[in-house]
Amino acid sequence: MTDIIFSTIVSDLKKAIETARHPFKYFTLATSSINGTPRLRTLVLREIDEQLNLTVYTDKRSKKITHIHEHNTVSLLFLDSERLIQISIRAKAEIITDNSSIKKIWENVPQKSRKEYTTTLAPGEEIRDPELVDFLEEKHFFTAIKLIPDKIEYLKLNRPNHIRVLFKKQNNDWKGTYLVP
């Protein structure tokens, strides 16, 4: 039974890449600073590979990059409020630094989305007026982050019994165990 649940998780994550309105398209990423201060933000799931490594895009000047350099264990939270399914993932975050890989990904970023990575000021900088954000013409601060999961927790709220399963990666295989909800 846990194998079926795991395959639905994988299927849902892959569908989220392809389907704009899939509930797992947007998820919450939690990082923590070197002193343990947590920070949450919503990201867009961009890619998933056969090993279930997930890819997201960001501005390389963002606070999440600083946090990942300080402490690269992150948490992801996906929620499907209609089906009452929650997926929590613990992962190691790797900032993709290889220029040829970044260039290849950047070439596939839609033109309309590229602007987000070209602000003169870093994300989170204080400004007086949102209409006065300046953008660069020839330079960008785009980068990507690879999220390598080692634990995935599934929770399905269901009457009369909720279903909760913990999957742990062991030697490139995922082993599932039921948990008390």
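Which residues are buried in helix 3 (residues 99–107)? In this predicted model, the buried ones are I102, I105 and W106.

Look down the axis of helix 3: its buried residues fall within an arc of 100 degrees, so they line one face of the helix. Now check the face turned away from that buried side, and you'll find the exposed residues K103, K104 and E107. What do the buried residues of helix 3 pack against? Their partners are strand 4, strand 6 (85–96), helix 4 (111–114) and strand 7 (142–156).

W106 turns up again in a group of rings. Together with Y57, Y117 and F142, W106 forms one aromatic cluster.

**Rings in pairs**

A pair of aromatic rings is described by two things, the distance of the centres and the angle of the planes. With the pairing cut-off of 6.5 Å between centres, the model has eight aromatic pairs. Take F27 and F78 as an example: their ring centres are 4.8 Å apart and their planes meet at 25 degrees, so this pair is stacked. The cut-off for stacking is under 30 degrees.

Where do these two sit in the chain? F27 belongs to strand 1 (residues 26–32) and F78 to strand 5 (residues 73–80), so the pair ties together parts that are 51 residues apart in sequence. As for burial, F27 is buried at 2% relative accessible area, and F78 is buried too, at 0%.

**Charges over rings**

| Charged residue | Ring | Distance from ring centre |
|---|---|---|
| R61 | F141 | 3.6 Å |
| K115 | F135 | 4.4 Å |

**D59 and its neighbours**

The backbone nitrogen of R61 lies 2.8 Å from a polar atom of the D59 side chain. D59 itself is in strand 4 (residues 54–59), one of the elements that the buried residues of helix 3 pack against.

Is D59 buried or exposed? Its relative accessibility is 4%, and buried means under 20%, so D59 counts as buried. Leaving out residues up to four places away in sequence, D59 touches I65, E116, Y117, T119, P123, F141 and T143.

Definitions and conventions. Residues numbered from 1 in each chain as written. Predicted model: local features only at pLDDT ≥ 70, side-chain atom pairs only at ≥ 80, totals over all residues. Heavy atoms only, no water. Phe/Tyr/Trp six-rings, centres within 6.5 Å; stacked < 30°, edge-to-face > 60°. Helix = DSSP H or I, 4+ residues; strand = E, 2+ residues; numbered from the N terminus. Buried < 20%, exposed > 50% of the residue type's maximum accessible area, 1.4 Å probe, protein only. Lys NZ or Arg CZ within 6 Å of the ring centre and 35° of its normal. Polar contact = N/O pair within 3.5 Å; in protein donor to acceptor, adjacent residues only side chain to side chain. Contact = heavy atoms within 4.5 Å. Arc of directions from axis to C-beta.
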